[in-house]
Amino acid sequence: KECAEEGGEAEGDLEQISGYFTVENCVDGMKTLVRDLFGIDMVEVDIPWEERWDVDTTATDTISPDNDDGGLRKFEFHHEEERPLGTMYF
């Protein structure tokens, strides 16, 4: 189908498949890909409060470190035979 279609079947198809592409499903797929293709583990880790930029960490009325509603996620990549490979914020 042509991507240029508007209001037609293309939009209906997107609505039907959007449930399969949730953020969590995409993250799980990324973890599987990097593990199966490269032997690298993608591990979600806690973000220190001081490392966050998605919330105002100086305000007292924002989310607390114990209530992680900011949406920012941190993943580290590790290979069993190598040192840690890197970090991804998502």
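## Close-up views of a predicted model

**View 1. Strands side by side.** A hairpin of 6 residues leads from β2 to β3. As you explore it, keep in mind that this is a predicted model. Strands β2 and β3 (residues 86-89) run antiparallel and are joined by 4 bridges. Look for K74, which sits opposite Y89 in β3. On β1, the pairing with β2 is also antiparallel, with 6 bridges.

**View 2. The nonpolar core.** Which residues make up the largest nonpolar core? There are 6 of them: V27, V34, I40, M42, F75 and F77. Two or more of these residues come from each of α2, β1 (40-45) and β2 (74-79). Pick out I40 and see what surrounds it: leaving aside residues up to four places away in sequence, I40 touches V34, R35, F77, H78, H79 and L85.

View 3. R73 and E24 form a salt bridge, and their closest N and O atoms are 3.1 Å apart. The two residues are 49 places apart in the chain, with R73 in the loop between β1 and β2 and E24 in helix α2. Is R73 buried or exposed? R73 counts as buried because its relative accessible area is 15%, under the 20% cut-off. E24, at 38% relative accessibility, is partly exposed.

**View 4. K74 meets E51.** Here is K74 again, this time for its side chain, which forms a salt bridge with that of E51 (2.9 Å, N to O). This pair also links distant parts of the chain: K74 belongs to strand β2, E51 lies in the loop between β1 and β2, and 23 residues separate them. K74 is buried, with a relative accessibility of 9%, while E51 is partly exposed at 28%.

View 5. The side chains of D54 and R52 form a salt bridge, at 2.9 Å from N to O. D54 is partly exposed, at 27% relative accessibility, and R52 is buried, at 9%. Elsewhere, salt bridges with shared partners connect E24, E44 and R73 into one network. Across the whole structure, the search finds 5 salt bridges.

**View 6. A nonpolar patch on the surface.** L14, I17, Y20 and F21 make a nonpolar surface patch of about 480 Å². Find Y20 in the loop between α1 (9-17) and α2 (23-38). Y20 counts as exposed because its relative accessible area is 61%, over the 50% cut-off.

Note on methods. Residues numbered from 1 in each chain as written. Predicted model: local features only at pLDDT ≥ 70, side-chain atom pairs only at ≥ 80, totals over all residues. Heavy atoms only, no water. Patch = residues over 30% accessible without salt bridge, like charges linked within 9 Å, V, L, I, M, F, W, Y side chains within 5 Å. Areas by Shrake-Rupley, 256 points an atom, 1.4 Å probe, with all protein chains shown as cover. Salt bridge = Lys/Arg side-chain N within 4 Å of Asp/Glu carboxyl O. Buried < 20%, exposed > 50% of the residue type's maximum accessible area, 1.4 Å probe, protein only. Core = buried A, V, L, I, M, F, W, Y, C linked by side-chain atoms within 4.5 Å. Contact = heavy atoms within 4.5 Å. Pairing = 2+ DSSP bridges.
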